Amino acid sequence: MLRAFSSAVSGMRTQMAYLDTVANNIANVNTTSFKAARVRFSDMLYQTLNGGSGPGDEIGGVNPSQIGLGVRLSGIDTIMNQGALRATGNPLDLAIEGDGFFSLSDGRGGTVYTRDGSFGLDAQGRLINPSNGMLVQASGGGEITIDTKQYASISIGPDGKVVGTLTDGSGSEDIAEIGLTSFANPGGLIKTGDNSYKQSAASGDASEGPASADGRGSIRAGVLEGSNIDLAQEFTNMIQAQRSFQANSRVISTSDEVLQDLVNIKR
């Protein structure tokens with residue numbers, strides 16, 4: 001009977017974690033480039049009542065008898081599927097079609113990676129992420145600076161090349177080239193908030209280079225990538241988590257009633 005209590009409690013704990021994950025997915029349904037999380041469960045240790053035996057000449061084999069001790073959270077995966085693209089009309093809004101990431105300098109000598117391409121220019125003309133001030137890195141490293149007084153307009157191609165049209169009407173010229181980074185296992189990246197990720201041992205080493213090369217994806221200007229959340233699926237998951245939690249709580253209530261009946265046998 002005590003096994004039923006512990007199994008049900010483990011089920012309630014894991015369903016709470018499941019519901020937490022679903023809630024975070026739903027909360028970020030409109031977050032630019034957000035990637036959904038998926039929860040995985042696995043059963044826990046088993047108490048072996050009978051180890052089983054192999055068949056003999058006069059008798060057949062006996063299967064092992066085991067009682068499970070509950071469930072545990074085995075992992076939370078990040079689903080890196082492409083989100084829907086939506087047009088913004090802003091030439092500095094960029095989206096990646098493919099598996100790559102933009103590289104940003106965090107200002108402390110480190111690098112973070114993002115698929116959120118809602119970029120802008122600071123007072124010095126540097127291409128930045130306006131939400132945190134991190135500098136967008138060019139292919140090969142280094143910041144990207146655009147002199148808005150020198151150029152009447154700028155455009156960014158699928159290969160990441162930033163081209164400026166000169167204000168004197170004499171033509172256009174290449175300004176910089178935005179680089180992209182790919183990973184062998186992007187699902188292994190560590191989420192750091194602000195739609196950003198950091199490299200980890202699970203993700204593998206960063207492979208940085210030009211866009212539209214080596215599977216890094218291409219860049220689309222004037223659009224942003226939306227989240228890849230499927231609301232219908234998330235609401236279904238929420239109902240499943242709620243019902244599973246209720247079922248586990250019912251197991252605790254039933255086990256308590258059985259124990260109460262055992263206590264009352266003496267009366």
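The side chains of Arg220 and Glu97 form a salt bridge, with an N to O distance of 3.3 Å. A salt bridge here is a side-chain nitrogen of Lys or Arg within 4 Å of a carboxyl oxygen of Asp or Glu. The pair links distant parts of the chain, 123 residues apart. Arg220 is in strand β20 (residues 218-221), and Glu97 is in strand β6 (residues 93-97). Helices (H or I, at least four residues) and strands (E, at least two) are DSSP runs, numbered from the N terminus. Arg220 is partly exposed, at 35% relative accessibility. Glu97 is also partly exposed, with a relative accessible area of 35%. Buried denotes under 20% relative accessible area, exposed over 50%, and partly exposed the range in between (1.4 Å probe, protein chains only).

The model is predicted: local features need pLDDT of at least 70, side-chain atom pairs count only at pLDDT 80 or more, and totals for chains, interfaces and linings use all residues. Residues are numbered from 1 along each chain as its sequence is written, and side-chain values use heavy atoms, with hydrogens and water left out.

By the salt-bridge rule, the count comes to seven. One of them joins the side chains of Lys35 and Glu225 at 2.5 Å, N to O. Lys35 lies in the loop between α1 (2-27) and β1 (37-43), and Glu225 in strand β21 (residues 223-225), so this pair ties together parts that are 190 residues apart in sequence. Both ends are covered. Lys35 is buried, with a relative accessible area of 1%. Glu225 is buried as well, at 0%. Another bridge pairs the side chains of Asp122 and Arg126 (2.9 Å, N to O). Asp122 is partly exposed, with a relative accessible area of 21%. Salt bridges with shared partners join Lys35, Arg115 and Glu225 into one network.

The largest nonpolar core contains 21 residues. Such a core is a set of buried Ala, Val, Leu, Ile, Met, Phe, Trp, Tyr and Cys residues joined through side-chain atoms within 4.5 Å. Phe102, Ile178 and Ile219 have the most contacts inside it. The elements giving two or more residues to this core are β6, β7 (101-105), β12 (134-136), β13 (151-156) and β14 (161-166). Another core lies apart from it and has five residues, among them Phe101, Tyr113, Leu189 and Tyr197.

Ile154 lies in strand β13. Its C-alpha atom is separated by 7.5 Å from that of Pro91, 63 residues apart along the chain. Contact is taken as heavy atoms within 4.5 Å. Leaving out residues up to four places away in sequence, Ile154 touches Pro91, Leu92, Ile146, Val163, Gly164 and Ile175.

The loop between β17 (190-193) and β18 holds Asp194. Asn195 is in the loop between β17 and β18 too. Most residues other than glycine have a negative phi. Asp194, not a glycine, has a positive phi of about 55°. Asn195 likewise has a positive phi, near 60°. Asp194 is partly exposed at 48% relative accessibility. Asn195 is partly exposed at 22%. Ser196 is found in strand β18 (residues 196-198). Ser196 is buried, at 4% relative accessibility. Beyond its neighbours within four places in sequence, Ser196 is in contact with Val112, Tyr113, Thr114, Ile190 and Lys191.

Helix α2 covers residues 231-264. At 1.5 Å a residue, its 34 residues should span 50 Å, and its end C-alpha atoms are 49 Å apart, which agrees. The expected span is 1.5 Å times one less than the number of residues in the helix. The buried residues of α2 are Glu234, Asn237, Ala241, Asn248 and Ser255. These buried residues pack against α1.

Leu19, Leu231, Phe235 and Met238 make a nonpolar surface patch of about 310 Å². Patches consist of residues with over 30% relative accessible area and no salt bridge; like charges are joined within 9 Å, and nonpolar side chains (Val, Leu, Ile, Met, Phe, Trp, Tyr) within 5 Å. Accessible areas come from the Shrake-Rupley method with a 1.4 Å probe; for residues, only the protein chains shown count as cover. Helix α2 gives the most to the nonpolar patch, with three residues. Leu19 is in helix α1. Leu19 is partly exposed, with a relative accessible area of 36%.
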